[in-house]
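Colleague: Hi! Could you walk me through this model, pocket and charged pairs included?

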Amino acid sequence: MKIGFIGLGQMGVGMAASLLRAGHEVSVYNRTAARAAPLVAEGARAAASVGEASRGEAVVTMLADDAAVESAVLGEGGVIDSLRAGALHISSSTISVTLSEKLAEAHAKAGQRFVAAPVFGRPDVAAAGRLFVVAAGEEQALAAAAPLLDAMGQRTFVVSETPKVANLVKLSGNFLIASVIESLGEAMALVAKGGVDRGRYVEILTSTLFTAPVYKTYGGLLASGTFEPAGFAAPLGQKDIRLVLQAAEALRVPLPLASLLRDRFLALLAHGGDKLDWSAIGELAARDAGLERGS
Ligand SMILES: NC(=O)c1ccc[n+]([C@@H]2O[C@H](COP(=O)([O-])OP(=O)(O)OC[C@H]3O[C@@H](n4cnc5c(N)ncnc54)[C@H](OP(=O)(O)O)[C@@H]3O)[C@@H](O)[C@H]2O)c1
């Protein structure tokens with residue numbers, strides 16, 4: 001298919017490369033144009049604007065947050081203005097339920113198709129085309145999106161005909177991952193202060209009752225204290241907890257753990273954590289316990 005890809009950050013660059021590998025004709029656009037160079041070397045075409053990248057059969061957006069997606073899609077000369085009727089927009093960023101609903105309405109009004117397809121998996125998984133995709137949209141839109149989602153991910157879970165439902169599921173997943181990071185951080189502070197090696201502790205956990213990838217990935221990062229370079233930057237993690245709380249408030253669902261995580265992220269950012277991986281919130285429990293790294 002002739003497609004556009006907008007947003008070549010840590011995730012977008014790997015996702016666009018997966019689409020190229022699958023044989024699609026890909027026009028790429030990024031605010032910081034230099035980030036398109038490796039993809040152009042692999043056969044992508046560099047688009048000079050969002051509008052130019054939105055003239056094919058489909059366009060994928062993988063931008064940072066609501067503000068970036070809103071301006072690229074709804075702004076003047078953006079995706080809505082440029083995509084032809086019947087063409088498809090796949091929105092893969094982790095954005096708010098409210099914005100997803102707004103995008104769905106705008107695309108319907110313009111006679112365009114829209115699929116919300118947020119993803120699970122970090123940048124290395126994106127580069128390997130092995131993401132898990134949570135998708136929602138009308139049946140025909142989902143059918144048109146399927147070959148592209150298959151190229152970027154190992155499995156697509158269709159959750160609804162209403163796009164915003166996929167965003168709700170994605171946000172709830174990131175709430176769960178952050179909860180695991182926090183509880184792992186607390187447990188590790190406890191055992192480390194009691195003299196147990198963190199790496200050995202994670203090995204015990206992940207080869208017994210806690211074998212899930214999330215414990216392996218984040219247990220490893222917390223044990224080694226490797227929070228740079230960030231695979232998923234702390235400000236984006238904070239954004240997700242904020243969006244979870246917004247969605248929960250709209251549905252009148254108290255999430256006491258999410259409120260705690262909100263404060264953890266604020267503490268991390270207040271102490272200069274902007275460039276760190278979001279898993280660095282798991283180190284705050286060790287700091288509260290007076291543990292120095294290496295102890
Ligand atoms: N990293 C992960 O592990 C992960 C996993 C699943 C989902 N996600 C979600 O995927 C999305 C992208 O994440 P990422 O890790 O790839 O982020 P990233 O590396 O920070 O990349 C963000 C992208 O958005 C662009 N951007 C940011 N603000 C913009 C603005 N105001 N106007 C235009 N472009 C703007 C950036 O352009 P520049 O290059 O010009 O800055 C870049 O292309 C986020 O919604 C994130 O929550 C991330």
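Colleague: Which helix gives the largest share of the lining of the largest pocket?

Modeller: That's α10, with four residues. Helices (H or I, at least four residues) and strands (E, at least two) are DSSP runs, numbered from the N terminus. Before we go on: this is a predicted model, where local features need pLDDT of at least 70 and side-chain atom pairs count only at pLDDT 80 or more, while totals for chains, interfaces and linings use all residues. Residues are numbered from 1 along each chain as its sequence is written, and side-chain values use heavy atoms, with hydrogens and water left out.

Colleague: How much space lies in the largest pocket?

Modeller: About 1300 Å³. Of the 46 residues that line the pocket, M11, M62, G231, F232 and L236 are the closest to its centre. On a 1 Å grid over the protein atoms alone, a pocket is an open set of points where a 1.4 Å probe fits, with protein on both sides within 12 Å along at least five of seven lines; lining residues have an atom within 4 Å of a point. The volume is the space filled by probe spheres set on the points, which are joined across faces, edges and corners.

Colleague: And how do the lining residues divide by type?

Modeller: Into 24 nonpolar, 13 polar and nine charged. Ala, Val, Leu, Ile, Met, Phe, Trp, Tyr, Cys and Pro count as nonpolar, Asp, Glu, Lys and Arg as charged, and the others, Gly among them, as polar.

Colleague: Switching topic: how many salt bridges are there?

Modeller: Ten, taking a side-chain nitrogen of Lys or Arg within 4 Å of a carboxyl oxygen of Asp or Glu. One of them joins K102 and E70 at 2.5 Å, N to O. That pair links distant parts of the chain, with K102 in helix α5 and E70 in helix α3, 32 residues apart.

Colleague: What about R200 and E203, how far apart are they in helix α9?

Modeller: Three residues, so about one helical turn separates them. Their salt bridge is 3.3 Å, N to O. R200 is partly exposed at 45% relative accessibility, and E203 is partly exposed at 44%. Buried means under 20% relative accessible area, exposed over 50%, and partly exposed in between (1.4 Å probe, protein chains only).

Colleague: Is K239 buried or exposed?

Modeller: K239 is buried, at 5%, and D240 is buried too, at 0%. Their side chains meet in a salt bridge of 2.8 Å, N to O. Elsewhere, salt bridges that share partners join E182, R264, R287 and D288 into one network.
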